[in-house]
Amino acid sequence: MSVLRLIGRGTLLHVKQLSRSQFEIATALFVPLVQATLAVYLFRAGSEPHRLLEAAVGAGMMAVWSSVLFGSGGAIQNQRWQGTLEMLMLAPRPPALLVFPITLATAVTGTYAMIATLLWGGLVYRIPLDVADPLAFAVSVPAAILGLGMFGLLLASTFVLLPNANAINNTLEYPIWLVSGMLVPITVLPGWTGPIGAVLPTTWAARAVRESVTGSGPVWPSLGVCLALSFVCLVAGALVMSYVERRARANATLALA
Amino acid sequence: MALAIEARDLRRTYRTRTGWLNPRRVEIDAVRGVDLDVRRGELFGLLGPNGAGKTTTIKMLNTLLIPSSGSARVCGFDVVSQTREVRRRIGYVFGGDRGLYDRLSALDNLRYFAELYGVPAARQKRRIGELLELVGLTGRERERVEGYSRGMRQRLHIARGLLHEPEVLFLDEPSIGVDPVAARELRNTVAGLAATGTTVLLTTHYMAEAEELCDRIAVIAGGEIQALGTADELKHHAEGRRVLEVQAFGVSDSQLAGIDVLPGVRESSVDIVGTAQVLTVQSDATVDVQADVLRLLDGVRLGRVTARQPTLEDAYVAIVGRSPVEVAA
Ligand SMILES: Nc1ncnc2c1ncn2[C@@H]1O[C@H](COP(=O)(O)OP(=O)(O)OP(=O)(O)O)[C@@H](O)[C@H]1O
Ligand SMILES: [Mg+2]
């Protein structure tokens, strides 16, 4: 109970902190215009408006993913720069519980871009917001965000261990859009990407949200798989995080030298 | 009597790389065998020059750094293997204006850390109110921290460190950037905490602060404890010395070097106070160096010249001055 409160309050705080950066907000509001445009032109050829909404939602999911990838991948480094990493780690809590609210917050702030994509799509390209299963949509979007936040913990903890985290960050953005089927249906991708996509929570998150928009399939199984995979990431991330914390204390990397 | 902090032969080596084209591994022995026993409720001071190893020692005790060797217990719990237990019982305040969520209000910061440090929900509101009052931020708590002055941030740090009513409080230069009135209030607060049973380990560069507050003081230099005792006991290290203070304007380095080698001179240093330089010359009590010093300063405009008994600061200078280890900058 108190753990849930801690996560809730922590997430809220980090969302607030992230949302008050003008750069982040400007990016979250204007990059989606580009993404909505991309989506529209990729799908305009010979398709009905429903495909456009699907594409816009897919673009929104890409934005959430980008936010998690960059926000969570750099979460620990960010806290270090702010000087808050030491204060967080001093709390008598498992380190994963201190970092998870941050990664969850990066997923939550990713929805700004998703909302902006839908708004831009509606305003500029007249994409109507007629979702096939509004209830499933209303559940699957927050659940997908929770899932990506959990996945974020694994990213946050493993990326600090990599010497070239930034480079890896940059190279992961587009491939995961692709193999998760956010941009184009998985069916058009080469077969070998299938297994990779199947183990990524992003794939199932995108699929659940898409199914709720198009009514093309039952939403709940996809959502279930998404949350199960995410939970595995959360547990793995928590284990790596404990290792990272101990290593940082041994190597004196909690503070800026 | 129960010990709040006990450290045995604590050592810490940092390994870093320097150089960019031709990286070289360097090892810095920041702390080289520190033994400490701090009683419960004691207010213990750690003094020492920059780079002496004070912060490193504190961070080993508060679990942020794992010692390279040696062991330490805080409230009876091992700082390496029982970190959770240690962390529950300690507070840590460091000097400087980083370490807060800048785009959030003081209230948001305190609420979050109250939650993190496990302050029961029912008590949080009152506790935060009390602390804001204590550090004089009441009325400003809803403003964003980025708009705070340095001293206000420092006071917020202090409030945060006290949220969970720690048994042991580590204060690493807590009065840095705090105005004199607020610094005095801070000293009263710290003294009050110690009076009600909180153990405090304090580092500071202000001798008066250390002398006023600390039950005992350890002087650390080159990663080793050079002297340990009450302020009065430490003053014995300057025993047999007298101190000459000369206010001057425009003393050259060569003149200073000349003073250093005068017969009977043990230690000399210069402070800049306003537009003036204040030369402090410690000499053997049996030798009156005043005439020689003034002769060397011939031609320099001089202000007040005073001879006085050694203070804690003089003792500190004497202790640090005779420590064999040169601390690299
Ligand atoms: N993270 C680090 N990596 C490498 N060397 C370090 C690190 N932190 C401290 N040191 C070195 O260890 C030595 C002791 O530093 P420490 O910060 O403990 O000194 P201090 O007594 O707190 O000094 P100050 O009064 O300036 O705060 C110094 O030589 C410093 O350069
Ligand atoms: Mg220090």
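Modeller: Residues 5–247 of chain B are 33% helix and 32% strand, and their end C-alpha atoms sit 43 Å apart. Helices (H or I, at least four residues) and strands (E, at least two) are DSSP runs, numbered from the N terminus. This is a predicted model: local features need pLDDT of at least 70, side-chain atom pairs count only at pLDDT 80 or more, and totals for chains, interfaces and linings use all residues. Residues are numbered from 1 along each chain as written, chains are lettered from A and ligands numbered from 1 in written order, and side-chain values use heavy atoms, without hydrogens and water.

The span carries the UniProt annotation "domain: ABC transporter", from an unreviewed entry. UniProt positions follow the numbering used here, feature names are shortened, and annotations may be inferred rather than shown by experiment.

Now the packing. The largest nonpolar core has 106 residues. A core is a set of buried Ala, Val, Leu, Ile, Met, Phe, Trp, Tyr and Cys residues joined through side-chain atoms within 4.5 Å. Buried means under 20% relative accessible area, exposed over 50%, partly exposed in between (1.4 Å probe, protein chains only). Leu61(B), Leu116(B), Phe170(B) and Ile217(B) have the most contacts inside this core. Phe170(B) touches, among others, Ile5(B), Leu61(B), Tyr92(B) and Leu201(B), not counting residues up to four places away in sequence. Contact means heavy atoms within 4.5 Å. A second, separate core of 41 residues includes Val68(A) and Trp204(A).

In chain A, UniProt's unreviewed entry places "transmembrane region" at spans including 97–123 and 174–200. Residues 97–123 of chain A are 100% helix, with end C-alpha atoms 40 Å apart. Residues 174–200 of chain A are 48% helix, with ends 14 Å apart.
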